[in-house]
Amino acid sequence: MPADLARAGEARHFIAWRGAVAGLGGGRLNELAVAAEAVITDVLLSSREGVLEIQSVHDEEVIRISIKHPEIKQRRLKDLEHVLQRFLDDYEIAPTLAMLEKRVR
């Protein structure tokens, strides 16, 4: 989907929906949503145009959300890693990719 503020709500909705389908609820779903919101905000600050790619994979134990934007050269959100550490069970962050992982149980 295009990476612009007008379409950011679609990305947020997709991630929350995928988390719920995977079996997250309550606080765990909120924690994934907060982390994803931070990454999406970083993408919007770091790149004014381009395509945001979001994929999800889950099994009975974990859900993994990947958020990619091939145009990002440098992340702009201060302390993004701190936010991800606080709200996720695991994560990976690179200039063009963020992988978010939350345990379902």
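**Close-up views of a predicted model**

View A. Asp79 is found in the loop between strand 2 and helix 3. The model shown in this and the following views is predicted. The phi angle of Asp79 is near 60°, a positive value in a residue other than glycine. Asp79 counts as exposed, at 51% relative accessibility, the threshold for that class being over 50%.

View B. Four strands form an open sheet in the order 1-2-4-3, with antiparallel pairing. Strand 1 (53-58) and strand 3 are the edge strands, and each of them pairs on one side only. From one strand to the next, the twist averages 10°. Helix 1 packs on this sheet and touches strand 1 and strand 2. The direction of helix 1 makes about 5° with that of strand 1.

**View C. Strand 4 and its two partners.** Strand 4 covers residues 97-103, and five of its seven residues are buried, so this strand is largely enclosed by the rest of the structure. Strand 2 (residues 62-68) runs antiparallel to strand 4, and seven bridges join the two. Along this pairing, Val62 has Arg103 as its bridge partner in strand 4, and Ile63 stands opposite Lys102. Strand 3 (residues 90-94) also pairs with strand 4 in the antiparallel sense, over five bridges. Here Asp90 stands opposite Glu101, while the bridge partner of Tyr91 is Leu100. Strand 3 and strand 4 are joined by a hairpin through two residues.

**View D. Lys102, a buried lysine in strand 4.** Lys102 lies in strand 4. Is Lys102 buried or exposed? Its relative accessible area is 2%, and the cut-off for a buried residue is under 20%, so Lys102 is buried. A polar atom of the Lys102 side chain lies 2.9 Å from the backbone oxygen of Phe87. Leaving aside neighbours within four places in sequence, the residues in contact with Lys102 include Phe87, Leu88 and Asp89. Val62 and Ile63 are also in contact with Lys102, as are Leu24, Arg28, Glu31 and Glu61.

View E. As a general point, an α-helix has 3.6 residues a turn, so residues three or four places apart point the same way. Helix 3 lies across strand 3 and strand 4, and runs at about 160° to strand 3.

**View F. The largest nonpolar core.** This core holds 26 residues. Which residues touch the most other members of the core? They are Ile15, Leu32, Ile65, Ile67 and Leu100. Helix 1 (8-22), helix 2, strand 2, helix 3 and strand 4 are the elements that give two or more residues to this core. Helix 2 gives the most, with nine residues. For Ile65, the contacts beyond four places in sequence include Ile15, Leu32 and Leu100. Ile65 is also in contact with Arg18, Ile54, Gln55, Ser56, Ala98 and Met99.

**View G. Ser66, a buried serine in strand 2.** Ser66 is placed in strand 2. With a relative accessible area of 4%, Ser66 is buried. Not counting residues up to four places away in sequence, Ser66 touches Glu53, Ile54 and Gln55, together with Leu97, Ala98 and Met99. As a general point, the side chains of a regular strand alternate between the two faces of the sheet.

Key: Residues are numbered from 1 along each chain as its sequence is written. This is a predicted model: local features need pLDDT of at least 70, side-chain atom pairs count only at pLDDT 80 or more; totals for chains, interfaces and linings use all residues. Side-chain values use heavy atoms; hydrogens and water are left out. Buried means under 20% relative accessible area, exposed over 50%, partly exposed in between (1.4 Å probe, protein chains only). Two strands pair if DSSP finds at least two bridges between them. A polar contact is a pair of N or O atoms within 3.5 Å; within protein, one must be able to donate a hydrogen and the other to accept it, and residues adjacent in sequence count only if both atoms are side-chain atoms. Contact means heavy atoms within 4.5 Å. A nonpolar core is a set of buried Ala, Val, Leu, Ile, Met, Phe, Trp, Tyr and Cys residues joined through side-chain atoms within 4.5 Å. Axes are lines fitted to C-alpha atoms, for helices over the stretch in contact, and angles run from 0 to 180 degrees between N-to-C directions.
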